[in-house]
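The exercises below are meant to be worked with the sequence and the coordinates open side by side. Each task is followed by a solution that goes step by step.

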Amino acid sequence: MSHHLEVTNLILANATYLRELELLNVLEQHRIFCKHDMAHFLDVARIAMLLCQEEQIPADPDVIYSAALLHDIGRTEEYQHHIPHDLASVHKAESILEEIACEETKKQKILNLIRHHRHPDHPNQDPALLESIESIFYRADKKSRLCFCCPACSQCNWTQDKKNMQIER
Ligand SMILES: [Fe+2]
């Protein structure tokens with residue numbers, strides 16, 4: 001299998017993406033809770049890849065890494081215009097993927113992961129495989145957070161069972 005992450009690296013070099021990321025960094029400058037930065041995106045991608053291996057779910061690393069890079073970029077819309085960030089991220093991701101001429105099937109796979117990263121359950125879209133990958137991506141996003149050493153842990157609105165209070169392998 002090729003380890004060349006083609007779409008991932010095209011996103012990383014895309015001017016629109018970099019501009020969105022810069023704005024997101026500015027808007028989160030004084031945020032006391034988890035930030036949505038490159039470290040978070042790569043944590044999500046790597047944890048998702050590990051879960052795929054562990055649960056033997058076939059996954060295209062380029063799809064996982066691309067979705068990870070893009071899944072939170074809609075946060076700028078949430079902060080500025082109160083638009084839910086999963087929807088805003090899908091919208092922004094779609095135009096970036098079009099800018100870099102991402103192939104249609106791959107584009108839809110990436111957008112699906114982004115669309116469901118806050119709500120993994122979607123009874124209207126059944127392919128069992130897709131559901132598994134989406135659930136893995138959802139869990140990777142949550143597992144990526146270091147609640148056990150977060151200074152804002154007690155003020156965070158995550159429920160206690162969602163918080164990562166121990167290191168898991
Ligand atoms: Fe995230």
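**Exercise 1.** At what angle do helix α6 and helix α7 pack, and how far apart are their axes?

*Solution.* The model is a predicted one, and the values below are computed from it. Begin with the two segments, which are residues 85-99 for α6 and residues 104-115 for α7. Their axes make an angle of about 160° and lie 9 Å apart. Angles over 145 degrees count as roughly antiparallel, and α6 is therefore roughly antiparallel to α7.

**Exercise 2.** Identify the residues through which α6 and α7 meet, and sort the contact by residue class.

*Solution.* Sorted by class, the contact of α6 with α7 has 6 nonpolar, 1 polar and 4 charged residues. The spacing along each helix can be read with a general rule in mind: an α-helix has 3.6 residues a turn, so residues three or four places apart point the same way.

**Exercise 3.** Is Ile 110 buried or exposed, and which residues does Ile 110 touch beyond its sequence neighbours?

*Solution.* First place the residue, which lies in helix α7. Next count its surroundings: Ile 110 has 30 C-beta neighbours inside 10 Å, and because the cut-off for a buried residue is 20 or more, Ile 110 counts as buried. Then, not counting residues up to four places away in sequence, list the contacts of Ile 110, which are Val 63, Ser 66, Ala 67, Leu 70, Ala 93 and Leu 97. Helix α4 itself, residues 61-70, is mostly covered, with 9 of its 10 residues buried.

**Exercise 4.** Describe the surroundings of Arg 75, and give its C-alpha distance to Asp 86.

*Solution.* Arg 75 lies in helix α5 and, with 23 C-beta neighbours inside 10 Å, counts as buried. Leaving aside neighbours within four places in sequence, Arg 75 is in contact with Leu 24, His 36 and His 85. Although Arg 75 and Asp 86 are 11 residues apart in sequence, their C-alpha atoms are 8.0 Å apart in space.

**Exercise 5.** Where do His 82 and Ala 101 lie, and what is the phi of each?

*Solution.* Most residues other than glycine have a negative phi. His 82, in the loop between α5 and α6, has a positive phi of about 60°, and with 7 C-beta neighbours inside 10 Å it counts as exposed. Ala 101, in the loop between α6 and α7, has a positive phi near 60°, and is exposed, with 9 other C-beta atoms within 10 Å.

**Exercise 6.** Summarise the overall fold in terms of elements and dimensions.

*Solution.* The secondary structure comes to 8 helices and 0 strands. The radius of gyration is 16 Å, close to the 15 Å that the globule rule gives for 169 residues, so the protein is as compact as a globular protein of that length. Along the principal axes, the C-alpha atoms fill a box of roughly 45 × 35 × 30 Å, and buried residues make up 32% of the 169 residues.

Technical notes
Residues numbered from 1 in each chain as written. Predicted model: local features only at pLDDT ≥ 70, side-chain atom pairs only at ≥ 80, totals over all residues. Axes fitted to C-alpha atoms, helices over the stretch in contact; angles between N-to-C directions. Helix = DSSP H or I, 4+ residues; strand = E, 2+ residues; numbered from the N terminus. Parallel < 35°, antiparallel > 145°, perpendicular 65-115°, else oblique. Nonpolar A, V, L, I, M, F, W, Y, C, P; charged D, E, K, R; others polar. Buried ≥ 20, exposed ≤ 12 C-beta atoms within 10 Å, placed from the backbone. Rg over C-alpha atoms; globule rule 2.2 N^0.38 Å. Contact = placed C-beta atoms within 7 Å.
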